[in-house]
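Trainee: Could you walk me through how to read the features of a model like this one? I'd like the general idea each time, then the case at hand.

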Amino acid sequence: MRFLFFAELSYAYSILRPLQREIRRRGDEVAWLLLPTCPDRLDPDEKRVGSLREAIDYAPTAIFAPGNFIYYFLPGIKVKVFHGYPINKRNYEVDNHFRLRGWFDMLCTAGDSAYLPFKALSEKHPYFKVYKTGWAKMDDFFPLRSGGDGRIANPTGRDSIDSSHRPTILYGSTFTQSLTSAYVMPDVIEKIAKEKDWDWLLTLHPKLNDPELLERYHRLADEHDNITFKSSVTVEDMLSTDAMLCDSSSIILEYMMLQKPVVTYRNSQPGDHLINIIEPDKVVGALEKALTRPPELMEAIDRLTAYHEAFRDGHNCRRILDAVDDFIANHQGRLAPKPKNFSRKLIQRWQCLTNHNHEK
């Protein structure tokens, strides 16, 4: 079989590469279609299609997309594998995560938090199928430590941070202007970096495209030996840190999957799984508390992550490909027609002309 990856933003790499490994393990072929908005970070052994014409000629069995849309005119089963968990960070009455756009044939959900609502929607709008497979990205997270279910009983090897250990704090932020802490935290982090014997690893959401703000964070890393800035972080980066400082970004859940504590600044959905603060001068105290790993906090984290991620065995990508096989065998060509979407299709065609007019 041939498969195609539809990569819109840089987060696609960490989501789709575990799936690529499983595709190759099965002896099948996969290629990447990078949109102009996605930086080119392909390795020499990763196949690319250089244009929309090449993507069409490639004739994939299925196309996997982590984002909310996909080019409807490309051949193959359209499979949504998601770019995060449903946390409703904007506090919408109806979570935008569950908005149906009519582009996909299949949705591969991570856990009950997404599967149950989408399953109900598919019964009302039977033009797509929903599978509970686990999130592809999590195959790089589990299994990481002992335990048949892949869970990490103690990812740092200690119950709390003692005086002999130099903690490392991960900072991440959402791009949503009304929710991001990115404009507040440079001064806060710099002050703490000068006063506390801590290391910092900083990252920002790829959609947070403010050159002056990015320069502030790069300058922090240049001027302080205990601060590092990375355009994107890996699971290894997360494992190397002890606690996270964030706001309402979906990266919070990824971090908590490692059974690690998170301090949030003005989180839009606070709960007992977070240490949430509303004043910048409370950051230090909140992080000090997080580093002790309070039992009630860690228990709340465990409950929440189990609701969002159904599987912790490192085989989510196997289930995704098995779901594609099931769709082909039992549902392809048998579902209700997708919405006509005439206006959206015209807009998408126009976007293609604009974004891909450099292609030959």
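**Reading rings, charges and a helix**

Mentor: Let's start with Phe 5, which is buried, with a relative accessible area of 0%. Buried means under 20% relative accessible area, exposed means over 50%, and partly exposed is in between (1.4 Å probe, protein chains only). Before we go on: this is a predicted model, where local features need pLDDT of at least 70, side-chain atom pairs count only at pLDDT 80 or more, and totals for chains, interfaces and linings use all residues. Residues are numbered from 1 along each chain as its sequence is written, and side-chain values use heavy atoms, with hydrogens and water left out.

Trainee: How many aromatic pairs does a search of the whole structure find?

Mentor: A pair of aromatic rings is described by the distance of the centres and the angle of the planes. Rings of Phe, Tyr and Trp (its six-membered ring) pair if their centres lie within 6.5 Å; planes under 30 degrees apart count as stacked, over 60 as edge-to-face, and the rest as tilted. The whole structure has 15 such pairs. Take Phe 5 and Trp 32: the ring centres are 4.9 Å apart and the planes sit at 85 degrees, so this pair is edge-to-face. Phe 5 is in strand S1 (residues 2-7) and Trp 32 in strand S2, so the two tie together parts 27 residues apart in sequence. Helices (H or I, at least four residues) and strands (E, at least two) are DSSP runs, numbered from the N terminus. Trp 32 also counts as buried, at 0% relative accessibility.

Trainee: Which residues do ring pairs link into a cluster?

Mentor: That cluster holds Phe 6, Phe 69, Tyr 71, Tyr 72, Phe 73 and Trp 103. Tyr 72 is partly exposed, with a relative accessible area of 25%. The charged end of Lys 345 sits over the ring of Tyr 72, 5.0 Å from its centre. For that label, NZ of Lys or CZ of Arg must be within 6 Å of the ring centre and within 35 degrees of the ring normal.

Trainee: And how do I read salt bridges?

Mentor: Side chains of opposite charge can pair when their charged atoms come close. The cut-off is a side-chain nitrogen of Lys or Arg within 4 Å of a carboxyl oxygen of Asp or Glu. Searching the whole structure gives 24 of them. In one, Arg 25 pairs with Glu 22, with the closest N and O atoms 2.8 Å apart. These two are three residues apart in helix H1, which means about one helical turn separates them. Arg 25 is exposed at 52% relative accessible area, while Glu 22 is buried at 7%.

Trainee: Which residues join Glu 22 and Arg 25 in a network of salt bridges?

Mentor: Arg 26, Arg 318, Asp 322 and Asp 325 are linked with them. Within it, the side chains of Asp 325 and Arg 26 meet at 3.8 Å, N to O. That pair links distant parts of the chain, with Asp 325 in helix H10 (residues 316-330) and Arg 26 in the loop between H1 and S2, 299 residues apart.

Trainee: Last one: which residues of H3 are buried?

Mentor: An α-helix has 3.6 residues a turn, so residues three or four places apart point the same way. In H3 the buried residues are Ser 113, Ala 114, Tyr 115, Phe 118 and Ser 122. What covers them includes strand S5 (106-109), strand S6 (129-132) and helix H9 (295-308).

How values were computed. Contact means heavy atoms within 4.5 Å.
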